[in-house]
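Let's walk through this structure together, starting with its open spaces and moving on to the places where helices cross.

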Amino acid sequence: MLVSKNWLSDHLDLSGLSNAEFDDILTFAGVEVEGIEEMGVSSDAVVVAQVKQSDPHPNADRLSVTQVDAGEGELRQIVCGAKNYNVGDKVPCALPGAELRGGFTIGETKMRGVESKGMLCSAVELGLGADHSGLMILPSDWETGKPVRQFVANDTIFEIEITPNRPDLLSHYGMAREVAALTGRDLKEFEFPTSELAPANGAVSVDDQEICPFYTAVNIKGVSVGESPEWLQGKLEAIGLRPINNVVDITNFVLHELGQPLHAFDAAKVTGGIRVRNAQEGEKFAALDEETYELLASDCVISDQSGTALALGGVMGGLHSGVTKTSTDVILESAWFNPPSIRRTARRLILHSDSSYRFERGVDPGGVTNASALAARLIVELAGGTIEGPTLTAGSAPTLTGSVALNQDKLQQLVGGSISMKQANAALGRLGLTATGNGNWKVPSYRLDLQRHIDLAEEVVRVAGLDAIPSRNRSSAAAPGKVDRRYDLELDLKKRLAAFGFYEAHTIKLISDAQLRDALPLRPLQDGDIIRISLPLSEDHSVMRPSLAPGLLATAARNVRQGAKAVRFFEVGRCFRNAGGGKATDLESETLGLVLGGATQPAFWASKHSCHSDAFALKGLLGALLPGALVQFSPAKAGQFLQAAQVVVNGKTIGSFAQLAPSRGRELDLEFPVYLAELDLAKVVELRSGDAPVDELPQFPGSSRDAAMEAPADLANAEIEKAIRKQSEPLLVSFDCFDVFSDPSGEKLAADRKSIAYSFLYRAADRTLKSEEVDAAHQKLLKHLEKTLPIGFR
């Protein structure tokens, strides 16, 4: 909401209160100031000038070359594009060096070859109005050469974010009331005109009192619709509203003055009386924004007795029922509408207005007739005419506030005794509450948010200021517990993955049925394991994810479509499934998901060959995450993947690994191999919870031996490694596979066989091994392998 400081000054004295102080006062009281814009002329280099001569520009049909008197003793040449002035008019002239709105500084320049020493300004360029159609024509009695700022009133516009629970602040008077309470300044008493109320007796009827509990109408005859006076136009333009005509401008003024929306109907376009009814299902309504909307039976319509819709209640007026220049008789509406009803209508139709914004949050029920009386008086004063009869009413204003008790003991416990009850009572009194005795306070009708003791306590603290409550350290540090240690370990894991070049992803916990094909659960899914949403918002969110892989693959695909050459993502999240095929309680498991694929390094000029990540890169990553642990991939059924395996660490399964099928990769626009892993987070954290093992540097040299073996083509490397470790040779330090050979043609090696070469490193911790010792240990190991595996050494 935009608030004019000058407008606020009509209700309280703001002298001595700077814009920064105003900002701080509201912000620390919970009313956020989002922007401050100083309006008007701030530079003395913008002066009153008189046009002495105006000639066509020699090189531009739309420009003129003017000679102006800026009080300097000689004429100043300025090129101008406006056409709305005459020789002899006085206009604002920005001299070189003048700074206009937006930080724009005026200088001397040439325009189409003609020298221009300054700029003649429009009202919008000076922040003095919204008219940008031409130059701002100044009064003839303003002295030439004097700064314009001496003749105009500057203003400051605050953009304020009002929380939904404070609709009482959606007006200048409401904001002035708040500032007065926070600063202790006196609020000027608002003198509302008196108005006679009378039952409508059929002239106004309300079909549904739940949607519209209270409706009033005032008949004003003989009005003359025309331009509003300057003071009214200036107030509206200051907050960004465009003046329309005096009647409409008055309704807008009262809305922003008091926060009560009003609407004026042309009485000549109303047949019979006013009827507040529910819309007919599918009824069409032409609104002021020149759009036609299809209504539901739950929408509130203001119509006449013929059934013609005049307005969409609480939202927007009708296109053909409003006041125009030819209107002479006016029906002024002021009402209280049910907030949920207005909110549903406005949001469904995506039709929002200043009126709906206030009705959605709840306007002051006690202000309906006051706003109507003020608007009616202003219409008579500014547009002529007479008020015919009393204000007609249908229904009654609801009572939404009452008496609330302030518990002294709870308040003192909350503020630590730093705010006395005398200060608390004074704060509530400044906010408009009335003490009724025994700690009870009568809440005014405009403070719909004050319903409980804690609401009053919050108001006391807001008015007194948080600075009035001293800081006290009443807590002591506690030793980290199990939850703290688990959090630290998870955070360390995420940092480690980030250091390896992975990006953390957060995906939604709901997936579609189609995405189940990408699931890589820690344990195979059985019938009934999938948890489905009974009433999903969309088909894309119909299943609770049993795996992180679908979301990670969708993230990878999205990034590749945006031009990424590689994908390295991880996610720590919760997965869901039914235990035992749906026969037991639902299970939720914390899981670590990884996706890896694409180029291993960015392209650069010295790179001749691009290399893509592979399964061994992912296995190496897991080994780096779990230092000192033995990481193995144990083959498993691939299912919908190209290949799959169980991730085994130190002999225990902790998760799953898979390579995405190329066909599925093409569907996701992933043109390179993609690898996935899902690990049980609890087991990963447990493996990382201890101290990382550190071995001393060996004091004695080692000796290596190579061995090439011929084995069946389907013999897994994991089986060979398992057999090597089972031998438990004390002198064997490490071993690595450094070559694999196969010949599908069968010429050099049988097609169903392969050749595998290993390097074995032997070392003793207490001595340098002799060659005979190394050979003996090596031969012993080879014989063991020949005995336990279907292999032969070459």
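The second largest pocket holds about 870 Å³ of space. Of its 34 lining residues, those closest to the centre are Ile244, Val248, Asn252, His263 and Leu288. A pocket here is an open set of points on a 1 Å grid over the protein atoms alone, where a 1.4 Å probe fits and protein lies on both sides within 12 Å along at least five of seven lines; lining residues have an atom within 4 Å of a point. The volume is the space filled by probe spheres set on the points, which are joined across faces, edges and corners.

Before going further, please keep in mind that this is a predicted model, in which local features need pLDDT of at least 70 and side-chain atom pairs count only at pLDDT 80 or more, while totals for chains, interfaces and linings use all residues. Residues are numbered from 1 along each chain as its sequence is written, and side-chain values use heavy atoms, with hydrogens and water left out.

Which element gives the largest share of the lining of the second largest pocket? That is α6, with five residues. At least two residues each come from α6 (246-258), β16 (262-266), β21 (309-312), β22 (316-317) and α8 (354-361). Helices (H or I, at least four residues) and strands (E, at least two) are DSSP runs, numbered from the N terminus. By class, this lining has 17 nonpolar, 12 polar and five charged residues. Ala, Val, Leu, Ile, Met, Phe, Trp, Tyr, Cys and Pro count as nonpolar, Asp, Glu, Lys and Arg as charged, and the others, Gly among them, as polar.

Now turn to the largest pocket, with about 1,000 Å³ of space. It is lined by 32 residues, and Leu128, Gly129, Glu230, Gly234 and Glu237 are the closest to its centre. Two or more lining residues come from each of α1 (5-8), α3 (123-126) and α5 (230-238). The largest share, seven residues, is supplied by α5.

The axes of α11 (residues 421-430) and α12 (residues 453-464) come within 9 Å and cross at roughly 95°; axes are lines fitted to C-alpha atoms, for helices over the stretch in contact, and angles run from 0 to 180 degrees between N-to-C directions. α11 is therefore roughly perpendicular to α12, a label for angles of 65 to 115 degrees. Ala424, Ala427, Leu428 and Arg430 in α11 meet Leu456, Glu459, Val460 and Val463 in α12, where contact means heavy atoms within 4.5 Å. This contact has six nonpolar, no polar and two charged residues.

Terms used. Angles under 35 degrees count as roughly parallel, over 145 as roughly antiparallel, 65 to 115 as roughly perpendicular and the rest as oblique.
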